[in-house]
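User: I have a structure open and would like to go through it piece by piece. Can we start with the strands?

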Amino acid sequence: MSETGNRLRKLLESPNFDPQNYVKQLSQQSDGDRDLQEHRQKIQNLADETAQNLKKNVYKNYRQFIETAKEISYLESEMYQLSHILTEQKSIMESITQALLSADKDETSKEMQAAFPKDTEELKQRTLTSLLEKVEGGKNIMDTPGRHLVYNGDLVEFDVDNMSPIQKVHAFLMNDCLLIATWLPNRRGTVKYKYNALYDLESFAVVNVKDNPPMKDMFKILMFPESRIFQAENSKIKKEWLEILEETKKNKVTKDRHKTEEEAPTSPVRAEVSTNPFDQEDDEPAAAGESVNLSPEWIQELPEDLDVCIAQRDFEGAVDLLDKLNEYLKDQPVTQRVKELRLKVDERVRQLTEVLVFELSPDRSLRGGPKATRRAVSQLIRLGQSTKACELFLKNRAAAVQTAIRQLRIEGATLLYIHKLCNIFFTSLLETAKEFEMDFAGNTGCYSAFVVWSKSAMRMFVDAFSKQVFDSKESLSTAAECVKVAKEHCQQLTDIGLDLTFTLQSLLVKDIKASLQSYNDIIIEATKHRNSEEMWRRMNLMTPEALAKLKDEMRSCGVGSFEQYTGDDCWVNLSYTIVAFTKQMMSFLEEGLKLYFPELHMVLLEGLREIILVAVQHVDYSLRCEQDPEKKAFIMQNASFLHDTVLPVVERRFEEGVGKPAKQLQDLRKSTRPVRINPESTTSMV
């Protein structure tokens with residue numbers, strides 16, 4: 001940079017730079033408009049140089065930015081693991097403290113019960129009666145003899161699906177049941193709660209919910225097939241609820257067992273021999289239940305670990321735990337304890353499935369391509385739900401493709417838009433096919449669903465394609481180029497074994513047929529209009545350049561013998577009508593071959609035949625009506641060019657493009673063979 005540029009840079013970069021004073025001084029020091037323009041150019045050069053330097057710095061730091069993002073992602077996963085380890089440590093400490101407290105509490109309660117057994121029982125019943133007077137609809141609860149209050153307190157109920165607070169409740173734990181009453185905020189008088197639900201202690205299971213801020217101090221009550229989540233005021237009250245609930249359930253089981261033993265007959269009774277062949281089978285699981293060891297720590301904490309994995313979106317870890325449990329219980333008998341464990345685990349499986357289904361829903365962000373769905377799809381397949389995974393994966397990709405097509409900006413040039421449309425659609429289809437093959441490699445039954453989905457996606461593409469190409473009445477040449485581009489992109493799918501060419505052709509055949517017929521009518525009308533103004537004169541192109549251009553056009557059309565019809569200087573020994581007809585028909589043939597596929601064979605062939613007949617009939621009519629011998633000879637020369645030069649070129653080019661001869665065109669040429677005629681005669685064609 002020059003010294004002047006350096007001074008200007010330092011001036012603009014100085015912290016005390018004042019734009020108004022700078023412009024004012026510059027206006028006073030300049031001699032005129034030229035100085036201001038030069039100074040403006042210097043500032044513009046400096047701005048361009050700064051922009052270039054900034055761009056270079058961005059490119060230089062881009063790789064470092066990507067590496068930093070990867071490191072951040074890695075650190076984030078490590079933080080999740082660290083959080084899980086800390087949660088486990090905290091749970092271990094709480095369980096140790098809980099064991100110590102429960103031992104002390106058992107000794108104290110036994111001493112109190114031994115000292116004041118009757119007074120304590122009566123006090124609990126009186127307390128329960130006084131509390132139930134505040135519950136609307138709870139009068140009949142005390143009808144059960146021996147029922148008394150164990151524990152009660154305020155809780156907040158949360159929604160199981162979205163973890164949002166629902167209502168404030170008051171829970172009454174009795175020696176044989178649990179009463180849930182909702183709080184009445186605007187009620188005056190003694191009644192403050194309303195009866196909500198009453199659960200027998202044997203009908204539900206209590207599960208601790210690990211703290212995951214801001215969701216903390218919660219526990220879950222599982223009642224098949226439902227569950228409810230409650231939040232205590234603090235961790236101490238939550239711990240008390242868990243301890244007392246578990247202890248009360250154990251006491252009830254023990255009491256019921258003793259009661260059953262006392263009611264059993266003590267006198268010797270002859271054992272009855274059962275005639276039911278299924279009795280022995282029913283007793284076997286219960287007898288073998290003792291052999292199922294569910295005491296390992298990882299099994300005891302499995303429901304809570306699953307909750308943590310789902311909350312932290314560690315789907316792989318959750319499915320790994322489920323696989324580990326299934327492997328452990330594979331050859332074990334189904335006992336009551338196993339059924340209870342399965343009940344808890346099945347609830348987590350349902351929640352995990354719902355989260356994975358939401359991950360694949362089209363409402364989620366569709367960016368990231370098919371690979372973004374791999375994680376959720378693979379875990380659903382591991383859970384044994386490959387059909388649902390396939391359905392959700394294809395719905396997600398259909399929404400992504402549709403969104404990409406809608407977001408594509410419609411350009412002024414149709415061909416440019418079609419290039420972008422084909423690139424987006426077929427690239428997405430190719431990526432989806434590769435990802436599908438990778439995810440569902442072991443589920444061959446899902447491949448038929450992918451083929452059906454591919455056809456529906458192709459319909460979506462053809463709708464957008466036809467709306468832009470055919471509904472907007474583009475020229476036949478533009479439509480042919482667009483269809484050619486679509487065919488080339490569709491052919492790329494055969495590399496992975498997916499051939500949708502027939503589907504594409506069957507969806508486009510109606511629009512292409514209409515376009516060919518429309519352009520065929522346009523050529524016929526244009527030919528008839530030129531025929532009506534035909535004077536049968538030689539063409540004079542005025543300049544050698546124009547003649548050379550016409551020769552090149554005829555050569556590109558396949559008419560190689562056009563040189564023999566050119567005369568001296570810039571004259572052509574053909575009429576303007578015949579030359580224009582030749583160029584227009586050959587153009588129609590070339591565009592038609594680009595659009596060609598077997599279903600359009602007769603459409604293209606009949607269109608060419610109708611166009612040729614219009615020209616041949618006009619020449620025949622002119623020969624029969626013309627009286628001037630010189631003009632008749634000139635018309636005969638045009639007829640010969642049409643019959644001997646143009647029609648064979650059309651037949652040969654059609655056969656090359658289609659792969660089989662055009663018998664209708666050959667018959668037409670034979671039926672319109674020109675003959676040498678007497679200038680005085682009116683017969684011209686046989």
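Analyst: Strand S3 is joined to strand S4 (residues 177-183) by 5 bridges, and the two run antiparallel. Two strands count as paired if DSSP finds at least two bridges between them. Helices (H or I, at least four residues) and strands (E, at least two) are DSSP runs, numbered from the N terminus. This is a predicted model: local features need pLDDT of at least 70, side-chain atom pairs count only at pLDDT 80 or more, and totals for chains, interfaces and linings use all residues. Residues are numbered from 1 along each chain as its sequence is written, and side-chain values use heavy atoms, with hydrogens and water left out.

User: How many residues sit between S3 and S4 in the hairpin?

Analyst: There are 2 residues between them. As for a bridge in this pair, Ala171 is partnered with Ile180 in S4.

User: What does S2 pair with, and in which sense?

Analyst: Strand S2 (residues 149-158) pairs with strand S3 (residues 165-174) in the antiparallel sense, over 9 bridges. Leu149 has Met174 as its bridge partner in S3. S2 and S3 also form a hairpin, with 6 residues between them. In that turn, Met163 has a positive phi of about 55°.

User: Which other residues have a positive phi without being glycine?

Analyst: Trp536, at about 55°, and Met542, at about 75°, are among them. Most residues other than glycine have a negative phi.

User: Where are those two, and are they buried or exposed?

Analyst: Trp536 is in the loop between H16 and strand S9 (539-540). Met542 is in the loop between S9 and helix H17 (544-557). Trp536 counts as buried because its relative accessibility is 7%, while Met542 is exposed, with a relative accessible area of 63%. Buried means under 20% relative accessible area, exposed over 50%, and partly exposed in between (1.4 Å probe, protein chains only).

User: Back to H16. What length should it span?

Analyst: Helix H16 covers residues 501-532, which is 32 residues, and should span 46 Å. Its end C-alpha atoms are 44 Å apart, which agrees. The expected span is 1.5 Å times one less than the number of residues.

User: Where does H16 bend?

Analyst: H16 bends by about 45° at Val509. The bend at a residue is the angle between axes fitted to the seven residues ending there and the seven starting there.

User: New topic. How many cavities are there?

Analyst: A search of the whole structure finds 3 cavities of 30 Å³ or more. A cavity is a set of points on a 1 Å grid over the protein atoms alone where a 1.4 Å probe fits but cannot get out. Grid points are joined across faces, edges and corners, and a volume is the space filled by probe spheres set on the points.

User: What lines the second largest cavity?

Analyst: The second largest cavity has a volume of about 40 Å³. Its lining, meaning residues with an atom within 4 Å of a point, includes Thr527, Asn531, Phe581 and His618. H16, helix H18 (576-594) and helix H19 (601-625) each supply at least two residues of that lining.

User: Last one: how many disulfides?

Analyst: The count is 0 disulfides, where a disulfide is a pair of cysteine sulfur atoms within 2.5 Å. As for cysteines, Cys177 counts as buried at 2% relative accessibility, and Cys625 is partly exposed at 37%.

Methods
On a 1 Å grid over the protein atoms alone, a cavity is a set of points where a 1.4 Å probe fits but cannot get out, and a pocket is an open set with protein on both sides within 12 Å along at least five of seven lines; lining residues have an atom within 4 Å of a point.
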